[in-house]
Every structure is written in C-alpha cells, then in structure tokens.
Amino acid sequence: MGQLTSVLEANQRFAESFDKGELEIPPARNIAVLTCIDARIDPAKALGLEIGDAHVIRNAGGRATDDAVRSLLISSWLLGTREFLVIHHTDCGMAKFTDEAVAEIIAERCGEDVSELDFLTFRDLDQSVRDDVDRIRSLCQIPADATVSGHVYDVRTGTLQEVVPAE
Ligand code: ZN
C-alpha cells in the first residue's frame with residue numbers, strides 16, 4: 001500500500017499524545033499564509049506557527065487563484081484572519097516550465113488534452129509574488145483592515161526574504 005500503512009501508524013502515535021482538541025475554529029494569530037505545495041516548505045516550522053495559529057492555503061506555486069481567493073474570503077470574513085502572507089520560493093517547479101510544456105508533459109502521460117488549463121507557471125520569482133499580492137489587494141471583497149505582504153522562501157537556507165512589505 002505504498003506509504004499508507006506507515007502514515008496511519010504515525011497518526012496513531014500522534015493521536016496518543018494529542019492534547020489540542022479544545023482549540024477554537026478561528027486561527028489564534030489571525031494569519032493566513034498562501035504558499036506552494038513544495039514538500040520542502042514546512043510553513044508551521046518556518047514561521048513559528050503552532051497548531052490552531054493560522055490558515056495555510058497551498059497550491060502549485062502558491063498562486064492567488066480563484067480558489068485561493070475563495071479560501072482567503074472565508075478565512076478573513078468568517079474566521080477573522082487579517083494578515084495575509086504570500087510566500088513563493090526559490091527553485092520552484094512552476095518557474096522551470098511554461099504552461100505549454102506542463103500541458104504537453106501531462107498530455108503525453110495521461111493521454112488527454114489539458115492545454116485549456118491555466119497552470120500559472122511563471123518566469124520571474126519576485127514578480128510572481130508582486131502579481132499575487134496585487135491581485136489579492138485589488139479585490140474589493142478583502143477586508144479593508146487586512147494587510148497583504150509578499151515573500152520568497154529560500155529552500156536552501158530556510159530564510160524568508162520580503163518582496164512586498166505588509167500594507
Ligand atoms: Zn513551488
């Protein structure tokens with residue numbers, strides 16, 4: 001079963017000492033993080049977040065997609081987050097391919113044409129952060145008192161570099 005047995009065993013061990021069952025639904029620190037799915041990023045450890053502290057929204061590239069925005073609206077209006085952090089990262093796979101190349105690779109392997117999908121690859125890492133911060137800031141539905149900042153996480157050093165200051 002691949003990895004399933006070992007993750008289920010790990011969960012049993014986790015649950016044996018679990019003592020955070022009384023947390024409230026709203027994130028305690030009012031933070032929402034939008035970042036990439038990259039396995040080398042552990043947002044909780046990298047940002048000093050404890051369970052219950054923050055929302056973490058992840059997709060390939062950490063892009064401000066419609067669905068990421070959907071989550072930010074729920075996160076902020078229903079659950080009180082007011083500090084949004086957009087975090088892209090060095091060595092991101094989404095900067096290594098064009099949308100066309102991604103579509104070609106998937107089409108070759110799955111046998112279906114996926115060229116209609118927007119894979120949101122990018123060329124310039126800092127610019128992709130700025131674009132996604134701008135997109136979130138431009139949404140009139142985002143709470144007026146929410147701040148959005150943009151950062152690049154370095155997967156080699158673990159360092160977070162600010163690209164767009166919170167505003
Ligand atoms: Zn990535």
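Cys-92 counts as buried, at 4% relative accessibility, where buried means under 20% relative accessible area, exposed over 50%, and partly exposed in between (1.4 Å probe, protein chains only). Cys-92 is also one of the protein donors of a zinc ion. This is a predicted model, in which local features need pLDDT of at least 70 and side-chain atom pairs count only at pLDDT 80 or more, while totals for chains, interfaces and linings use all residues. Residues are numbered from 1 along each chain as its sequence is written, and side-chain values use heavy atoms, with hydrogens and water left out.

**Zinc site**

- Donors are N, O and S atoms within 2.8 Å of the metal (3.2 Å for Na, K and Ca); water is not among the atoms, so sites may look incomplete.
- Along the chain, the spacing of the donors is C-x52-H-x2-C.
- Cys-36 in strand β1 and Cys-92 in the loop between β3 (83-89) and α4 (99-110) are 56 residues apart, and this pair links distant parts of the chain.
- Cys-36 is buried, with a relative accessible area of 4%.

**Other cysteines**

- Cys-110 is partly exposed, at a relative accessible area of 43%.
- Cys-140 is exposed, with 73% relative accessibility.
- The structure holds zero disulfides, a disulfide being a pair of cysteine sulfur atoms within 2.5 Å.

**Overall fold**

- The chain has five helices and five strands; helices (H or I, at least four residues) and strands (E, at least two) are DSSP runs, numbered from the N terminus.
- The order of these elements from the N terminus on is α-β-α-β-α-β-α-α-β-β.
- Taken along the principal axes, the C-alpha atoms of the chain fill a box of roughly 50 × 45 × 30 Å.
- Of the 167 residues in the chain, 35% are buried.
- Among contacts in the chain with a separation of 6 or more, 66% come from residues 24 or more positions apart; contact means heavy atoms within 4.5 Å.

**Strand β4**

- His-151 is found in strand β4 (residues 147-153) and is buried, with a relative accessible area of 9%.
- Beyond its neighbours within four places in sequence, His-151 has contacts that include Ile-87, His-88, Val-129 and Leu-160.
- Ser-149 is also placed in strand β4 and counts as buried, at 7% relative accessibility.
- Leaving aside neighbours within four places in sequence, Ser-149 touches residues including Phe-84, Leu-85, Val-133 and Val-164.
- From C-alpha to C-alpha, Ser-149 and Ile-87 are 8.6 Å apart in space, and they are 62 residues apart in sequence.

**Cavity**

- One cavity of 30 Å³ or more is found in a search of the whole structure; on a 1 Å grid over the protein atoms alone, a cavity is a set of points where a 1.4 Å probe fits but cannot get out, and lining residues have an atom within 4 Å of a point.
- The volume of the largest cavity is about 40 Å³, a volume being the space filled by probe spheres set on the points, which are joined across faces, edges and corners.
- The lining of the largest cavity includes Val-33, Ile-41, Ile-87 and Tyr-153.
- Two or more lining residues come from each of β1 (31-36) and α2 (43-47), and α2 gives the most, with three residues.
- The lining holds eight nonpolar residues, one polar and no charged; Ala, Val, Leu, Ile, Met, Phe, Trp, Tyr, Cys and Pro count as nonpolar, Asp, Glu, Lys and Arg as charged, and the others, Gly among them, as polar.

Notes
On a 1 Å grid over the protein atoms alone, a cavity is a set of points where a 1.4 Å probe fits but cannot get out, and a pocket is an open set with protein on both sides within 12 Å along at least five of seven lines; lining residues have an atom within 4 Å of a point.
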